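Trainee: I've got the structure open and would like to walk through it with you. Can we take it one piece at a time?

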Amino acid sequence: MSKKITFDYWDHLYSNRTGHMVSSEIRDLLSLSARPDIISFSGGYPEVRALNSERLERYARKIIKTDSEISLQYCGSDGYYPLKTKLIEVMKLEGIDVVEEDMIITAGGQHALDLLAKIFVNPGDTVITESPSYTGALNSFKSYEANIIGIPVDDDGMITSILEEKLKELAKKKIKAKFIYIVSNFSNPSGVTLSLERRKKVLELAKEYKTVILEDNPYGMLRFEGKSVPTIKELDSKDDGHNVIYLSTLSKLLAPGFRIGWIVAPYPILEKLVLGIQSSVLCVSTFSQRFACEYFSDPLWRDNIVKFIDIYHKRRDTMLNALENYLPPGSEWSRPKGGFFIWLKLPEYLDTRKILADAVRNKVAFVPGSGFYPENGRGLNEARLAFSTESTERIELGIKTLADIVKEKIKLYKSFK
Ligand SMILES: Cc1ncc(COP(=O)(O)O)c(C=O)c1O
């Protein structure tokens with residue numbers, strides 16, 4: 001085994017971009033959360049064990065037996081056409097009506113975000129996100145040296161009055177935002193959903209200020225309660241249809257291991273994205289795409305969504321109840337109607353990065369809030385709790401443990417006052 005070299009001999013050779021690929025001080029702590037003895041609220045991991053393994057085996061066998069000439073070969077950089085047809089059916093369930101030529105397949109949602117940043121962002125360009133926002137997106141935008149402006153969210157999602165003020169301010173300085181990135185349903189990390197009124201307003205603002213909306217929607221189909229809200233993409237399609245780039249992923253509808261996502265966009269944008277795919281991965285795994293095509297050709301896939309919803313619904317309820325039962329006064333949290341995440345706010349004097357260290361010692365992990373903010377120094381007393389991964393029993397125990405640590409920290413703080 002090679003010895004770990006800590007001195008970076010090649011430091012003088014790296015691109016400037018590498019310096020913008022942010023590292024995380026909490027990564028080491030969080031890497032521990034993969035240990036089975038740790039109750040992990042950190043990663044948004046779907047419950048892949050709920051998939052029917054016999055069925056998956058049957059699909060894989062069929063593909064190898066009857067279709068290996070296609071499934072083991074390269075495919076077009078824009079994606080495997082029959083999978084596009086299936087994904088169009090999936091999107092129809094969310095009110096989105098497109099054709100195969102309107103979309104490309106990517107190696108997951110993260111790849112989609114990276115490609116979009118690659119084709120839109122020059123160093124120093126301004127992009128707008130929710131604040132807090134999905135760290136994977138923030139990191140990707142930062143790696144292309146974007147100047148990220150965060151717009152605060154409340155229970156109805158991005159606050160559009162603040163967005164409007166910001167866009168006005170930018171226009172006065174002759175700065176155009178390259179895009180507005182929004183996770184419209186059960187956002188990662190806040191769990192909130194953008195209201196219909198605000199979806200319309202964001203669209204109106206994007207048109208007025210001639211910028212594009214990146215609507216990222218991995219969780220929209222995982223709704224436990226309430227009525228679904230039309231996607232911004234659907235609202236845009238009723239008009240000229242040029243203002244929204246829609247992206248999603250199979251990571252939460254099937255499994256992240258297949259690494260499949262997709263982008264719906266006007267053709268000139270797709271053309272550039274395909275060039276981006278050609279210069280990075282050539283094409284997305286044909287086998288994965290072929291497999292996903294088989295999976296979504298079997299009507300039983302919809303039963304699995306029902307199963308996923310039931311599992312996550314129970315886990316969300318357990319986490320909400322446990323937070324209510326154990327967390328001390330002064331703590332607040334979001335109440336998502338779907339998705340994977342609850343956003344926790346503790347009293348302002350507490351630092352969740354320090355609480356994480358104690359929590360991991362007590363075999364519980366979560367993600368401190370600061371990494372989800374585009375601005376430095378925000379969210380120090382906040383945290384993202386994923387309820388998707390652990391059983392209800394472990395969620396109850398994990399929240400109780402976390403609450404005991406929080407109570408202890410509050411006691412300590414008050415003893416010094
Ligand atoms: C909002 C959002 N976008 C994109 C992704 C990336 O997903 P994928 O696994 O498809 O790369 C995630 C993953 O958690 C996410 O929460």
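Predicted model: local features only at pLDDT ≥ 70, side-chain atom pairs only at ≥ 80, totals over all residues.

Trainee: I count 22 other C-beta atoms within 10 Å of S388. The cut-off for that label is 20 or more, so S388 comes out as buried.

Mentor: Good. Where in the chain is S388 found?

Trainee: β14 covers 382-386 and α14 covers 392-415. S388 is in the loop between β14 and α14.

Mentor: Now look beyond its sequence neighbours. Which residues is S388 in contact with, leaving aside those within four places in sequence?

Trainee: H313 is 75 residues away along the chain, yet its C-alpha atom is 9.0 Å from that of S388. With the neighbours within four places set aside, the contacts of S388 are G44, Y45, P46, E47, Y312, R315 and F340.

Trainee: My turn to ask. How is the protein chain divided into domains, and how far apart do the C-alpha centres of domain 1 and domain 2 lie?

Mentor: Domain 1 takes 23-51 + 303-415, and domain 2 takes 67-297. Between their C-alpha centres there are 26 Å.

Trainee: And which element gives the most to the side of domain 1 that touches domain 2?

Mentor: The contact involves 27 residues of domain 1 and 28 residues of domain 2. On the domain 1 side, α12 (301-326) and β11 (341-345) each supply at least two residues. That side divides into 15 nonpolar, eight polar and four charged residues. With six residues, the element that gives the most is α12.

Trainee: What about the open sheet of four strands: which are its edge strands?

Mentor: That one is antiparallel, in the order β10-β11-β14-β13. Two bridges join β10 to β11, and E332 has K345 in β11 as its bridge partner. The strands that pair on one side only are β10 (332-333) and β13 (367-368).

Trainee: Which strands does β8 pair with, and in what sense?

Mentor: Four bridges join β7 (residues 212-216) to β8 in parallel, with I213 opposite V244. The chain gets from β7 to β8 through α9 (residues 232-237), in a right-handed β-α-β crossover. Another four bridges link β8 to β9 (residues 261-264), where Y246 faces V264 and S248 has W262 as its bridge partner.

Trainee: Last one: which residues are closest to the ligand?

Mentor: 14 residues surround the ligand. By class, that shell has four nonpolar, nine polar and one charged. The closest are G108, G109, Q110, T249 and S251.

Definitions and conventions
Residues numbered from 1 in each chain as written. Pairing = 2+ DSSP bridges. Right-handed = clockwise from strand over helix to strand, strands pointing away. Near = placed C-beta within 6 Å. Nonpolar A, V, L, I, M, F, W, Y, C, P; charged D, E, K, R; others polar. Domains from an automatic or database assignment. Contact = placed C-beta atoms within 7 Å. Buried ≥ 20, exposed ≤ 12 C-beta atoms within 10 Å, placed from the backbone.
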